[in-house]
Structure formats: C-alpha cells, structure tokens
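Visitor: I would like to learn how to read salt bridges in a protein model, and I would be glad of a careful walk through some cases.

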Amino acid sequence: MNEYQKKIAEFYSLTEDAARLVWRLDDCMAIHYGYWDDSVRTFAQSLIRMNEVMAETVQITSSDIVLDAGCGVGGSSIYLAKNFGCRVVGVTLSERQMNLAYANAEDAGVTHLTEFKVMDYSQTIFPDEYFDVVWGCESICYAESKEQFIREASRILKQRGRLVVADGFVTALENNTNPIMRTWVEGWAAKSLESTDRFMRFMKEAGFSKTTCKDITAHITHSARRIARFYYPAKVNHLFHRMIGQSVSTIDVRNVEACRFQWLGLQQKLWMYGLMLGIK
C-alpha cells in the first residue's frame with residue numbers, strides 16, 4: 001500500500017469506536033449515509049434500504065459473482081449473500097476490517113458464499129472478465145484516481161457485467177478546493193470527490209455501453225443532518241478529555257469537524273449524492 005492508502009486504513013482503525021456510536025457498527029455493519037424513503041423509520045433501516053436500492057438498480061441474481069469494492073466490515077457483502085445467495089468477494093485496505101468481515105460473515109452463516117481480502121480495488125489480482133457485478137457503496141470516493149478504478153472494474157467484469165456506485169460527488173470539480181469541502185473530505189481521510197459528468201465519461205471511455213446517473217441526495221439528507229448533530233457533543237467530549245489531561249488524536253478532531261462540514265457543504269450544494277450504473 002502507498003502512504004495515502006495506509007492513511008485510510010489508519011483512519012478507519014482509529015475511528016472505529018466513533019463508528020460504533022454513530023453508525024451502530026456492531027449491529028448494522030455499515031458506515032454510509034443510508035437511504036430514506038416512506039418504508040424507512042430508523043437509521044438502521046436506512047442502511048439496509050441503501051443495499052436494497054443498489055441491488056435493485058444493478059439487478060443482483062443468485063448466479064452473480066460480486067466484487068464489493070471497499071467492503072468495510074462486510075455489511076453489503078453479507079446482505080447480498082444472505083438475501084440473494086450470490087457469491088461475494090469483498091476487498092478492503094484494512095486487515096482489521098477484513099478480519100471483522102470474516103467474523104460477521106460467520107455470525108450471519110454466509111461464510112460459504114463470502115470471501116474477504118486486503119487489496120486495492122483499483123489494481124486487483126483478479127483475472128479478466130471474472131465478476132458479474134462490481135459494487136461500491138461510499139467507498140469509491142477514496143480512489144486516488146476514479147478513472148483508474150473504473151478501468152479496473154471494466155477489466156474484471158464479464159461482458160454485460162454491471163458496475164454500481166453510490167457515493168458523494170462534487171456539483172462542480174472546482175468545489176474540491178472549497179475550504180468547507182477540504183475540511184470534510186480530508187477529515188474523513190479522502191483526497192477529493194469526482195464530478196458526476198467526469199465519472200460518467202470515464203465509464204463510457206472504459207467500455208460501458210450503458211450508463212446512468214440518478215441524483216438521490218434527497219434520500220440521504222436526513223442522515224447528513226443526523227451526522228452533523230454529533231459535532232457538538234463530540235466537541236464537548238474532546239474538551240472534557242483535555243481538561244482531565246487526556247490527549248485527543250488529530251484524526252479524532254478532524255473526523256468530528258468533518259461531521260459538521262459535510263452538512264454545511266450539502267446545504268451550500270457543493271456536493272450531491274449519486275447512484276451510478278454502468279453496463280459493459
């Protein structure tokens with residue numbers, strides 16, 4: 001791994017306790033915004049609903065072999081294996097996340113359908129045309145080059161294979177230099193977000209014959225607001241720890257700042273949330 005990738009793995013390791021609190025990581029096995037509609041009443045339900053919406057979009061079947069690109073602790077992989085009976089390979093930059101994903105898959109009874117590896121999803125060891133689906137749920141934002149990730153997804157997808165990505169995108173490429181966006185994106189250990197126009201162009205250039213982009217910002221807004229509400233209690237908690245002589249890591253401080261600034265960026269329409277589909 002390069003230094004940037006090590007930084008991502010370190011971020012998720014050092015913020016794991018915060019993820020347990022904010023995202024109920026142990027129960028939900030997910031760190032993403034979720035999808036809110038009339039069927040959803042709780043944050044936990046929204047996380048599952050995002051999996052459902054992505055699976056519906058990409059039309060998952062039991063015969064599919066799926067790459068979960070940036071699988072985290074295995075939430076989406078386990079959901080797909082359990083609900084569709086398909087085979088899923090999850091890749092992550094974090095060895096700890098890989099081990100947690102294996103443990104979660106065992107608890108869910110899907111170890112026969114799931115496999116997890118430490119690997120860069122933009123440069124995999126898989127053979128050409130191996131997967132039916134490449135799945136990225138709020139993980140492709142971490143790719144140093146989104147274009148390289150898309151090219152790799154095209155290489156490992158079979159003919160008529162499908163790519164589905166749910167993630168944040170800047171509404172204009174220059175927004176990546178906005179201080180609000182920098183505080184948010186860097187606070188969550190990423191470098192920059194892609195624009196939807198460029199992402200769509202990269203898919204077409206990589207050989208995806210059909211591409212679609214759906215703006216689902218309205219369905220993640222509730223979660224964005226919810227995440228922002230953790231900012232002030234977390235700041236008070238940091239202040240308390242300093243008062244009693246305990247240090248607070250820079251990563252923790254920036255993570256908390258990002259919780260507030262992702263909401264400010266959304267309010268100012270500096271970014272949106274997109275659901276991308278590409279068919280090879």
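Visitor: With which residue does Arg198 form a salt bridge, and how far apart are the closest N and O atoms?

Guide: As a general idea, side chains of opposite charge can pair when their charged atoms come close. In this structure, which is a predicted model, Arg198 forms a salt bridge with Glu194, and the closest N and O atoms are 2.5 Å apart.

Visitor: Are Arg198 and Glu194 buried or exposed?

Guide: Arg198 has a relative accessible area of 29% and is therefore partly exposed, whereas Glu194, at 7% relative accessibility, counts as buried. Elsewhere, salt bridges that share partners join Glu16, Asp17, Arg20 and Arg96 into one network.

Visitor: Where do Arg20 and Asp17 lie?

Guide: Both residues lie in helix α2, which covers residues 16–22, and they are 3 residues apart, about one turn of the helix. The side chains of Arg20 and Asp17 meet in a salt bridge with an N to O distance of 3.3 Å. Arg20 counts as partly exposed at 28% relative accessibility, while Asp17, at 60%, counts as exposed.

Visitor: Which parts does the pair of Asp37 and Arg49 tie together?

Guide: The side chains of Asp37 and Arg49 meet in a salt bridge, at 2.8 Å from N to O. Asp37 lies in the loop between α3 and α4 and Arg49 lies in helix α4, so the pair ties together parts that are 12 residues apart in sequence. Asp37 counts as partly exposed at 22% relative accessibility, and Arg49 counts as buried at 16%.

Visitor: How many salt bridges does the structure hold?

Guide: The structure holds 18 salt bridges.

Technical notes
Residues numbered from 1 in each chain as written. Predicted model: local features only at pLDDT ≥ 70, side-chain atom pairs only at ≥ 80, totals over all residues. Heavy atoms only, no water. Salt bridge = Lys/Arg side-chain N within 4 Å of Asp/Glu carboxyl O. Helix = DSSP H or I, 4+ residues; strand = E, 2+ residues; numbered from the N terminus. Buried < 20%, exposed > 50% of the residue type's maximum accessible area, 1.4 Å probe, protein only.
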